[in-house]
Amino acid sequence: MEDWNVVVTVQEGHYRQAGRLLRSYGRVRHTAFYDVLTLRVDDVRRFLETVREDTAASPEKYAGIRFMPVQKSFRFQSPEEFEALAREAAGEWVPELAGKTFYVRMHRRGFKGRLSSQEEERFLDGVLLAGIEKTGNSGRISFEDPDAVCVVETVGQRAGLALWTREDRRRFPFLHWD
């Protein structure tokens, strides 16, 4: 599977349009998963700003296309390896989450029956809460306008993670975290 830093989900009927549109941002790849593309961009933040401008100028072009850029990624071969690498990657956000509300959301493609999105979300929620507690701070899981959302995307045996603040979610409403 190709290296990517953006997962794109497309509503039925928008797949070809999305493929053509995304070429202007970076390297687009088709996946083995229905209506899912991946994209490799040089700079995620610049990509987000450009998409924000482009969607404001031509919202109809982006109808039915959802983006989820990631900030960290890794390959894994087993559920155990996934958990070890996800724990390490998410753990780097502990300082940013201290004293904040958050939750983890996972979108899994592949590893059906071997990885459970809900179980991995609870696992990473626990990892982050324990890490925050070790720093002497507190954090809290909240689904009602949290300070941050930690998103986990898997496409086959590749995973990507991102941490999006409330400000990010408002600035980039086209992000697909739920």
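## A residue pair between β2 and β3

In this predicted model, H30 is placed opposite L37, a residue of strand β3. The two strands concerned, β2 and β3 (residues 36-40), pair in the antiparallel sense, and four bridges join them.

## The sheet

Strands β2 and β3 belong to an open sheet of four strands, whose order is β2-β3-β1-β4 and whose pairing is antiparallel. Because β2 (27-30) and β4 (65-69) each have a single partner strand, they stand at the edges, and one side of each is left without a neighbour in the sheet. On average, and with direction ignored, neighbouring strands of this sheet are turned by 25° against each other.

Strands of a sheet pair through backbone hydrogen bonds, in either a parallel or an antiparallel arrangement.

## Helices across the strands

Helix α1, which spans residues 15-22, lies across β1 (6-10), β2, β3 and β4, and its direction is at about 0° to that of β3. Helix α2, spanning residues 44-57, lies across β1, β3 and β4, and runs at about 155° to β4.

## T9 in strand β1

Strand β1 includes T9, a residue that counts as buried because its relative accessibility of 18% falls under the 20% cut-off. Leaving aside residues up to four places away in sequence, T9 touches D35, V36, G64, I65, R66, R109 and H176.

Methods. Residues are numbered from 1 along each chain as its sequence is written. This is a predicted model: local features need pLDDT of at least 70, side-chain atom pairs count only at pLDDT 80 or more; totals for chains, interfaces and linings use all residues. Side-chain values use heavy atoms; hydrogens and water are left out. Two strands pair if DSSP finds at least two bridges between them. Axes are lines fitted to C-alpha atoms, for helices over the stretch in contact, and angles run from 0 to 180 degrees between N-to-C directions. Contact means heavy atoms within 4.5 Å. Buried means under 20% relative accessible area, exposed over 50%, partly exposed in between (1.4 Å probe, protein chains only).
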